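Okay, thanks for making time, everyone.

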Amino acid sequence: MIRERVLTLTGKTRLPGFSGDCAVKRLGEFAQFLSGTYLAKPAYRPGTVAVQGAGAAMGEHDTANFPFAITVIGRVGTVGRPRFMPGGCWVNNNAAAIRALPSEADPRFVHLLLTQYDWSLATSVTAQPFLGIGALMGSTHNLPLKAEQTAIAEVIFDMDAELSSLDAEADKARAIKQGMMQNLLTGKVRLV
């Protein structure tokens, strides 16, 4: 199914049904920068909401400080590493969130743009790397109409889901092979 929808998304090829020029806009025109809030580990309350730090999840809490679709990025130490959180999460103070402005952009499309961004362009290095918010939010991007953004995001996210499924199948096959090798090589099972 995905293979029929795969296109070269270079700007030279468009998804079927879409045409016209993309607008060139600064990230700050179609997305909002949101600073994380410090939450000490002893203050975590039992829950299922991910607490996201600069580079990874730090645990779980009962409340999200951003309860809507966002992309979490590292702000101090580990800069970048975009992670899409479709239902929101708690973003700690060493991380930040980028929220697509609903009237302008699809949150998944903005996430995909951030995965392709050259983070060195917005990183200041002192004692440790630090995100330059002005450089990031001032970066320019080709922005198609929102309907096309959504269509592009669906294709890419569907491909990611298929790849995850194939990875799971490969892991299962490797585990079966390992079990067969162990049984055959130790003599527990013999070939007929």
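So, Ser 139: at 10% relative accessibility, this one counts as buried, because the cut-off is under 20%. Bear in mind that we're looking at a predicted model. Ser 139 sits in the loop between α4 and β11, the strand that covers 140–143. Who does Ser 139 touch, once you leave aside its neighbours within four places in sequence? Those contacts are Lys 25, Arg 26, Leu 27 and Tyr 117.

Step along into β11 and you get to Leu 143. Leu 143 is buried too, with a relative accessible area of 6%. If you skip residues up to four places away in sequence, Leu 143 touches Cys 22, Ala 23, Lys 25, Phe 30, Glu 104, Phe 109 and Gln 149. Take Phe 30 from that list: Leu 143 and Phe 30 are 113 residues apart in sequence, yet their C-alphas are 9.0 Å apart in space.

Now the helix pair. How do α3 and α5 cross? Their axes come within 8 Å, at roughly 65 degrees, with α3 being residues 107–115 and α5 being residues 146–185. That makes α3 roughly perpendicular to α5, since that class runs from 65 to 115 degrees. As for the hand, the crossing of α3 and α5 is left-handed. On the α3 side, the contact is made by Arg 108, Phe 109, His 111 and Leu 112. On the α5 side, you have Gln 149, Thr 150, Ile 152, Ala 153, Glu 154, Ile 156 and Phe 157. Sort the contact of α3 with α5 by class and you find six nonpolar, three polar and two charged residues.

While we're on α5, click on Ser 164, which lies in that helix. Ser 164 and Ala 64 are 100 residues apart in sequence, and C-alpha to C-alpha they are 26 Å apart in space.

Okay, on to packing. As background, nonpolar side chains in soluble globular proteins tend to be buried together. Which residues touch the most other members of the largest nonpolar core here? Of its 25 residues, that's Ile 98, Val 110 and Leu 136. The elements giving two or more residues to this core are α2 (27–30), β2 (31–35), β8, α3, α4 (133–137) and α5. Helix α3 contributes the largest share, four residues. Apart from this core lies another one, of nine residues, including Phe 66, Ile 70, Ala 95 and Ala 97.

Let me zoom in on Ile 98. It's in strand β8, residues 95–100. Buried or exposed? Ile 98 is buried, with a relative accessible area of 1%. Setting aside residues up to four places away in sequence, Ile 98 touches Ala 31, Gln 32, Phe 33, Ile 70, Thr 71, Ile 73, Val 110, Leu 114, Leu 136 and Met 137. There's also Val 72, 26 residues from Ile 98 along the chain, with 6.5 Å between the two C-alpha atoms.

Last stop, Arg 81, in strand β6, which is residues 80–85. Arg 81 has phi near 50 degrees, a positive value in a residue other than glycine. With a relative accessible area of 51%, Arg 81 is exposed, because the cut-off there is over 50%.

That's my tour; happy to go back to any of those spots.

Notes:
Residues are numbered from 1 along each chain as its sequence is written. This is a predicted model: local features need pLDDT of at least 70, side-chain atom pairs count only at pLDDT 80 or more; totals for chains, interfaces and linings use all residues. Side-chain values use heavy atoms; hydrogens and water are left out. Axes are lines fitted to C-alpha atoms, for helices over the stretch in contact, and angles run from 0 to 180 degrees between N-to-C directions. Angles under 35 degrees count as roughly parallel, over 145 as roughly antiparallel, 65 to 115 as roughly perpendicular and the rest as oblique. A crossing is left-handed if the near helix is turned anticlockwise from the far one by less than a right angle, and right-handed if clockwise. Contact means heavy atoms within 4.5 Å. Ala, Val, Leu, Ile, Met, Phe, Trp, Tyr, Cys and Pro count as nonpolar, Asp, Glu, Lys and Arg as charged, and the others, Gly among them, as polar. Buried means under 20% relative accessible area, exposed over 50%, partly exposed in between (1.4 Å probe, protein chains only). A nonpolar core is a set of buried Ala, Val, Leu, Ile, Met, Phe, Trp, Tyr and Cys residues joined through side-chain atoms within 4.5 Å.
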